Amino acid sequence: VQQFFSKYSNKKSRFLKQFWRHALNCATIARSLARLTSYKYIEEAYLAGLLHDIGKLVLINNAEFDYSNLDHGTHPADELLALEIDKFNISHDELGARLLGRWDVTDAICDAVRYHHAPIDEIQEAHHLVKILNLSNILASKNILNDPVRIEYATELFDLSDPIIRDIIHQSEEEVENVARSMDIDIGNSDTATDNRDEQKQIELAQEVRDITLSRSSRLPGYQDESTSIYQSIQKSIMILFGIKESLIFKCDHQTRSLTVAVGHPTSEHSLINDLAIPFESNSVLSSIIDKREIRDSFQSDKLAIVDKQIISFMKTDGFICIPAIRADQIVALMVLGVSQNKYASLNKNHNLLTLFAQDAAGQIEQAETQARLRDEITTNSHNLYRAKAREIIHETNNPLSVIRNYMQLLAQRLDSTDPAQDEIKTIKEEIDRVGTIILRCADEINVDTSTIPSQGFEINDLMKDINNIFKSSLFVSHNIKSTLHLDSNTGLVYFNKDTIKQIITNLIKNAVEAMEPGGTLDIKTRNININGRDYIDIEIQDTGPGIPDQVLKHLYSPVTSTKGKGHSGLGLSIVKNLIDSMDGFISCRTGESGTIFNIQIPRNKDK
């Protein structure tokens with residue numbers, strides 16, 4: 001109210017919201033990358049992510065230049081850095097590093113902050129934390145999921161696939177949203193969204209002040225956008241219309257015949273109250289409303305159920321009034337208003353206003369849920385059409401590429417080894433391999449699944465066949481590798497993230513292929529096994545390479561300097577081990593002069 005009537009400018013506030021979101025997003029991504037790539041000081045990576053843009057907080061306080069008006073949060077930041085140097089004679093990354101140096105922050109963090117905008121070719125040999133923060137800053141940038149540079153960076157720095165990177169980004173965004181929600185911080189997804197939201201808040205505030213003044217506020221302030229749920233809008237209206245700060249809204253699930261909290265208190269995200277599931281047949285006041293279909297309260301009950309006492313204790317009030325929101329002759333939600341004894345006496349005289357409000361709320365809940373269903377259907381249909389067309393294109397492209405690659409191989413064999421045309425043929429084959437790699441990435445792209453655990457599970461054999469088919473037209477062709485599949489038909493379903501397992505198998509296959517001479521053989525097997533009473537699927541990958549040297553075998557799953565040359569981080573098996581550990585699985589290796597065998601045991605069911 002004070003900001004509204006004093007015409008307070010929100011420009012700096014909007015900048016700080018975006019700054020806060022980007023900093024926390026970068027920190028959570030850095031922590032995930034540190035854990036995945038076996039960086040020893042995980043919380044140091046998190047701290048570096050939080051502090052990486054601290055130089056901007058110095059520059060925004062310059063009264064002579066509107067720094068907040070510049071384009072922040074995009075990648076690359078070349079224009080922003082150039083403007084900073086032009087206006088301030090220093091960029092925010094260098095300024096932040098110097099500031100942290102004065103505070104005696106570790107050299108590793110200072111260097112990571114200093115080079116978080118450095119080009120990738122300049123940090124390939126840099127400290128592990130420098131590479132983690134550089135990639136984290138890119139992945140936390142605006143609209144990065146639409147920027148193909150992310151996979152190039154991830155591949156060159158840490159050998160991470162596109163689906164794994166997407167999973168890290170989605171998990172980080174979800175964590176940031178949860179933190180913001182728990183602290184009641186309103187953060188926008190883009191500059192335009194933030195501006196519109198702030199303008200909308202000004203409009204809402206004017207409407208609310210007007211309605212309270214005129215005592216005519218009897219409807220919900222509209223369901224504005226997806227960042228505020230309909231249930232939060234209802235809570236807001238309860239506070240405005242009735243002066244009640246404490247309220248809970250329970251959704252009615254008529255299939256499970258239970259009541260669950262739709263939205264609780266913003267600072268109690270993990271409260272016991274938010275985990276309640278009250279059966280329709282319980283002795284609670286709330287359950288009694290399902291049959292009575294009328295407003296009831298805790299004040300007139302001789303003996304309250306324990307769950308009712310928990311609700312009163314949570315809201316820290318004398319008791320509650322519970323109002324059913326009814327639509328099409330069915331209760332869709334229960335609104336529980338925490339009230340004092342005095343407030344109860346005044347509200348109890350005006351059941352008509354409470355009933356009208358509940359009817360309006362029920363209508364808006366139904367409208368919001370209908371819109372959500374329509375959005376989901378449209379999104380699903382669009383994704384399915386896109387993926388079907390993409391798969392068709394990939395399939396049709398792979399076939400002629402394989403034919404061309406084989407003919408080039410035959411042509412090279414017919415020509416004399418000293419023929420000048422051999423160099424041209426070699427160049428053509430390299431370009432064909434590069435196109436095959438691009439197609440491989442496209443296949444990853446269309447098969448991305450953002451859900452962490454597939455609810456229905458998936459066939460591990462189908463995944464192995466897909467991976468083998470993709471490599472047959474790319475990596476196996478370019479290295480003249482023959483592959484064989486021996487798949488147990490009774491392996492059944494796996495209930496883990498499909499992309500995680502795909503990353504593991506892909507890394508192991510790539511390692512095996514690169515270890516073998518042209519003409520080698522790769523044998524892939526699956527089978528069911530039981531370890532200590534728990535069912536596992538065993539995946540075996542056997543190559544005919546020269547075996548792993550003893551000095552490498554001693555540190556097989558530790559981050560080491562890569563022996564593969566430029567473009568490899570040496571983190572492939574470290575990442576594989578961390579991913580398998582996260583699934584509570586096992587990995588083992590047998591090696592000798594005749595080749596190397598890796599065995600992976602993945603639990604059949606995550607819940608066991």
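**Sheets, salt bridges and core of the predicted model**

The structure holds zero disulfides. Cysteine 252 takes part in no such bond, and the nearest cysteine sulfur, which belongs to cysteine 322, is 8.6 Å away. A disulfide requires the two sulfur atoms to be within 2.5 Å. Cysteine 252 is buried, with a relative accessible area of 12%. Cysteine 110 also counts as buried, at 6% relative accessibility. The model is a predicted one, and the values reported here were computed from it.

Strand β1 pairs with β6 in the antiparallel sense, over five bridges. Within this pairing, lysine 251 stands opposite alanine 333 of β6. Strand β6 itself spans residues 330-339.

An open sheet is formed by five strands in the order β8-β10-β11-β13-β12, with mixed pairing. Strands β8 (482-487) and β12 (586-592) stand at the edges; each has a single partner strand, so one side of each is left without a neighbour in the sheet. On average, and with direction ignored, neighbouring strands of this sheet are turned by 15° against each other. In general, the strands of a sheet pair through backbone hydrogen bonds, in either a parallel or an antiparallel arrangement. Leucine 487 is placed opposite threonine 526 in β10. Helix α19, made up of residues 460-472, lies across β8, β10 and β11 (534-543). Its direction is at about 170° to that of β8.

Side chains of opposite charge can pair when their charged atoms come close. The structure holds 16 salt bridges. One of them joins the side chains of glutamate 281 and arginine 257, with an N to O distance of 2.8 Å. Glutamate 281 counts as exposed, at 54% relative accessibility, whereas arginine 257 is partly exposed, with a relative accessible area of 42%.

Another salt bridge is formed by the side chains of aspartate 329 and arginine 293, at 3.2 Å from N to O. This pair links distant parts of the chain, 36 residues apart: aspartate 329 is in the loop between β5 (319-327) and β6, and arginine 293 is in the loop between α14 and β4 (296-297). Aspartate 329 counts as exposed, at 63% relative accessibility. For arginine 293 the value is 32%, and the residue counts as partly exposed.

The side chains of aspartate 584 and arginine 534 meet with an N to O distance of 2.8 Å. Aspartate 584 belongs to the loop between α23 (572-582) and β12, and arginine 534 to strand β11, so that distant parts of the chain, 50 residues apart, are linked. At 46% relative accessibility, aspartate 584 counts as partly exposed. Arginine 534, at 16%, falls under the 20% limit and therefore counts as buried. Elsewhere, salt bridges link Glu94, Arg98, Asp111 and Arg114 in a network.

The largest nonpolar core has 75 residues. Those touching the most other members are Leu160, Ile460, Ile501, Ile505, Ile509, Leu522 and Ile600. With residues up to four places away in sequence not counted, isoleucine 600 touches Ile504, Ile505, Leu508, Ile537, Asp538, Ile539, Ile580, Phe586 and Ile587.

Isoleucine 185 is placed in the loop between α11 (162-182) and α12 (191-214). This residue is partly exposed, with a relative accessible area of 29%. Its contacts, leaving aside neighbours within four places in sequence, are with Trp20 and Ala180. The C-alpha atoms of isoleucine 185 and arginine 21 are separated by 9.9 Å, although the two residues are 164 residues apart along the chain.

Key. Residues are numbered from 1 along each chain as its sequence is written. This is a predicted model: local features need pLDDT of at least 70, side-chain atom pairs count only at pLDDT 80 or more; totals for chains, interfaces and linings use all residues. Side-chain values use heavy atoms; hydrogens and water are left out. Two strands pair if DSSP finds at least two bridges between them. Helices (H or I, at least four residues) and strands (E, at least two) are DSSP runs, numbered from the N terminus. Axes are lines fitted to C-alpha atoms, for helices over the stretch in contact, and angles run from 0 to 180 degrees between N-to-C directions. Contact means heavy atoms within 4.5 Å. A salt bridge is a side-chain nitrogen of Lys or Arg within 4 Å of a carboxyl oxygen of Asp or Glu. Buried means under 20% relative accessible area, exposed over 50%, partly exposed in between (1.4 Å probe, protein chains only). A nonpolar core is a set of buried Ala, Val, Leu, Ile, Met, Phe, Trp, Tyr and Cys residues joined through side-chain atoms within 4.5 Å.
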